[in-house]
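Here are my notes on the structure, as numbered points. Please keep the sequence and the model open while reading.

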Amino acid sequence: MIEARKLVKDYGTFRALDEVSFSFEDPGIFGIIGHNGAGKTTLLKCMAGLIRPTAGDLVIEGIDVRRDPARLKETLGYLPEESRLYETMTVENYLRFFGEIYGIPADECRLRSEELLTSLKLDSGGKRIGELSKGMRRKVAIARSLLHKPSLLIYDEPTSGLDPMTSRYIIDYLAHLRDRCRKTILLSAHNLYQVEKICDQVLILRQGKVAAFGTMDELREDFGSLSYQIRFVAADVRTLPPSLTFKEEGGEYVAVAESMDDLNLVTAAVASAGGTVRRIESRYLSLEEMLLMIGK
Ligand SMILES: Nc1ncnc2c1ncn2[C@@H]1O[C@H](COP(=O)(O)OP(=O)(O)OP(=O)(O)O)[C@@H](O)[C@H]1O
């Protein structure tokens, strides 16, 4: 369980996080989204114990992060927005180096590294890290974050700057870590389609405050449906009120209503013209539309 209560982070006189509260039940994937500068990285860094919150409570897996950030080390794998890797090392040496830092015995570290590189489909062919592509480097950083088998992963923009195929591979890999390895993953991302696809709960930050929080279904409920599409048949559409706009599609007619009131007007008009409503579909806001609605 990850719980934040009235979390505040000030940088000097600037308040980057303003009484942020939420709780995540693990295992799961939790997305933190918001416009540039909303406070996502600040929140992730607080949760990773890398910066100290100014006020409020933050408890992760029973560890009070404000009091005892060092205790998080074993439980946590952190992937910063931009990983500074050791350019002149090979991938294998790099992972061995971090294995030593984590106190993993050499044989076990080699086995774990091989497993991770295989599951991430990363074959560096003995190249130095500085010679690898961006996607490969991201995978190396992900492998490093998993080396000590942490139960909690904090990933800042895991797919930023990656091509769609690599990006999708990493997203699917994160889902695999949750579903098969029971990991809890907190991530920030600007690719909202991906967040919508894999996150169990989403926190939307706006200027350091919580603008919305919940499962995708809860957020859709909160934001309301955008429109209703009414499919109907009518023997003679000339009897429909001239104000009703609709189009013909596959032998049916389709009208769009922007609100529940509008929807009632359309269905009443169809009925009074002797028509029949075949289907009403509501189209919910996408996460991107919600973020645009919330504004900067
Ligand atoms: N070390 C710092 N000192 C002063 N202000 C900072 C510092 N780090 C971040 N900020 C400010 O805090 C606010 C939140 O920054 P943060 O990096 O957390 O946002 P973000 O949501 O991750 O943005 P982005 O999507 O652009 O990465 C910004 O206004 C930023 O300028």
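1. The domain bounds used here come from an automatic or database domain assignment. The model is a predicted one. On that assignment, the protein has domain 1, covering 2–221, and domain 2, covering 225–294. Taken over C-alpha atoms, the centres of domain 1 and domain 2 are 43 Å apart.

2. Where do the two domains meet? Contact is made between 11 residues of domain 1 and 8 residues of domain 2. On the domain 1 side, the elements that give two or more residues are helix H6 (192–198), strand S9 (201–206), strand S10 (209–214) and helix H7 (216–223). By class, this side of domain 1 holds 8 nonpolar and 3 charged residues, with no polar ones.

3. The largest nonpolar core has 59 residues. Those touching the most other members are Ile33, Leu43, Met47, Ile154, Ile185, Leu186 and Leu203. Helix H4 (residues 134–146) supplies the largest share of this core, with 5 residues. Both domains take part: at least three residues of the core come from each of domain 1 (2–221) and domain 2 (225–294).

4. Apart from neighbours within four places in sequence, Leu203 is in contact with Phe22, Phe30, Ile32, Val210 and Phe213.

5. Which residues lie around the ligand? They are Tyr11, Phe14, Ala16, Gly34, Asn36, Gly37, Ala38, Gly39, Lys40, Thr41 and Thr42. Strand S2 (14–24) and helix H1 (40–47) are the elements that give two or more residues to this shell. The largest share, 3 residues, comes from H1. Sorted by class, the shell has 4 nonpolar, 6 polar and 1 charged residue.

6. Why can H1 be called largely enclosed by the rest of the structure? A residue counts as buried if 20 or more other C-beta atoms lie within 10 Å of its own. In H1, 7 of the 8 residues are buried, so the helix is largely enclosed. The buried residues are Lys40, Thr42, Leu43, Leu44, Lys45, Cys46 and Met47. Of these, Lys40 and Thr42 are also among the residues around the ligand, while Leu43 and Met47 are among the members of the largest nonpolar core that touch the most others.

Conventions
Residues are numbered from 1 along each chain as its sequence is written. This is a predicted model: local features need pLDDT of at least 70, side-chain atom pairs count only at pLDDT 80 or more; totals for chains, interfaces and linings use all residues. Two residues are in contact if their C-beta atoms, placed from the backbone, lie within 7 Å. Helices (H or I, at least four residues) and strands (E, at least two) are DSSP runs, numbered from the N terminus. Ala, Val, Leu, Ile, Met, Phe, Trp, Tyr, Cys and Pro count as nonpolar, Asp, Glu, Lys and Arg as charged, and the others, Gly among them, as polar. A nonpolar core is a set of buried Ala, Val, Leu, Ile, Met, Phe, Trp, Tyr and Cys residues joined through C-beta atoms within 7 Å. A residue is buried if 20 or more other C-beta atoms lie within 10 Å of its own, exposed if 12 or fewer, and partly exposed in between; C-beta atoms are placed from the backbone. A residue is near a molecule or strand if its C-beta atom, placed from the backbone, lies within 6 Å of it.
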